[in-house]
Amino acid sequence: FILASAGFISLTFLGNINFKDRSLKELSEASDDGLAKIISKTPKAPAFAMVGELTKAMDEYGQKIVNEKGISNSERVGLISALQGDASNFTSGFIAKNLGKDRWRTEKLNEFTDWMMEREWAEFSEFESQLEKKIADLNNAAVGEFGISKERQGQVKLDLMLVGTPDYLRTGLWALIIFGMAALGGFLHFIPLGRKQAGIHNNHIYHKKSQTRMGPAIVVFVLLIAFYVVLYHFPEYLANQIVLLDPLSSTMAGGMADQWFLYGFMYTLSMFVMGVRMWLKYKGNKYQQVRTASVLFFTASFSIIG
């Protein structure tokens, strides 16, 4: 079980994500053509490092969108300079005159700064500060509408990294090895339970280091919390782990695996392994046997349906 856990975690640091072997069509389906061209030039790297590389690529792509659709730094400086230190010069006509070549950004800047027009400003510097904030808002809106918004970047990173994962992880062999070893470790640990007489056995269970505030328990606690944080907020770091289940997901769900399929599979497998432990521990107790079977049945059923 420890070897399986180590192998599972190590996939974040081993197994290079490589986009150079993937077609632009594959990459653009996960993002868009403009970003796909930038991503295709990204050097291969492990998942933990590739996340940073993709962030840089998206920042580069975002700046490209700003230069094409938003207001560049030089245009911002030009706008402020054209006002000649007088906020009253800032009107819809002024915006149309200076940004009239692009209707989208003209309308957006009017929308964002409507409240700033025909208003008394104590200092031009105060007006300038607000205008710069609104220009930044406009640029963010341009990136969101014509590129990849900050809110979408996490999912796009995951989609891209799933495309670039190593092919050997998709065969199902490594999934069988890693998850098979984990389950086998549990079953081997339960052998002593199978040798005991029928009845409930809680002998010294609260004295075990793994069930108290000792080292093993703390390690398990930290790993579980870390896994949930990464799963919910940074799933792109689990790209190599997710593709392990592509063959199973294709068979059961008709598509590629995602982080929720990985979680559902691991949860169901854990329930099954621990269910076997319950059967062995409470052998002879019909209520516990039926209860455990019921829990496993509905857990597996909802996992398959989901």
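Good morning. Leaving aside residues up to four places away in sequence, Lys157 is in contact (heavy atoms within 4.5 Å) with Val51, Leu54, Thr55, Met58 and Glu236. The model is predicted, so local features need pLDDT of at least 70 and side-chain atom pairs count only at pLDDT 80 or more, while totals for chains, interfaces and linings use all residues. Residues are numbered from 1 along each chain as its sequence is written, and side-chain values use heavy atoms, with hydrogens and water left out.

Lys157 lies in helix H9, residues 150-164; a helix here is a DSSP run (H or I) of at least four residues, numbered from the N terminus. Lys157 is buried yet has no salt bridge, and Glu236, the nearest side chain of opposite charge, is 4.7 Å away. Buried means under 20% relative accessible area, exposed over 50%, and partly exposed in between, with a 1.4 Å probe and protein chains only. A salt bridge requires a side-chain nitrogen of Lys or Arg within 4 Å of a carboxyl oxygen of Asp or Glu. For charge, Lys and Arg count as positive and Asp and Glu as negative; His and the chain ends are not counted.

How many salt bridges does a search of the whole structure find? There are eight. In one of them, Arg105 pairs with Glu75, with the closest N and O atoms 2.9 Å apart. Because Arg105 lies in helix H7 and Glu75 in helix H5, this pair ties together parts 30 residues apart in sequence. Arg105 is buried, at 9%, whereas Glu75 is partly exposed, at 26%.

Notes:
Helices (H or I, at least four residues) and strands (E, at least two) are DSSP runs, numbered from the N terminus.
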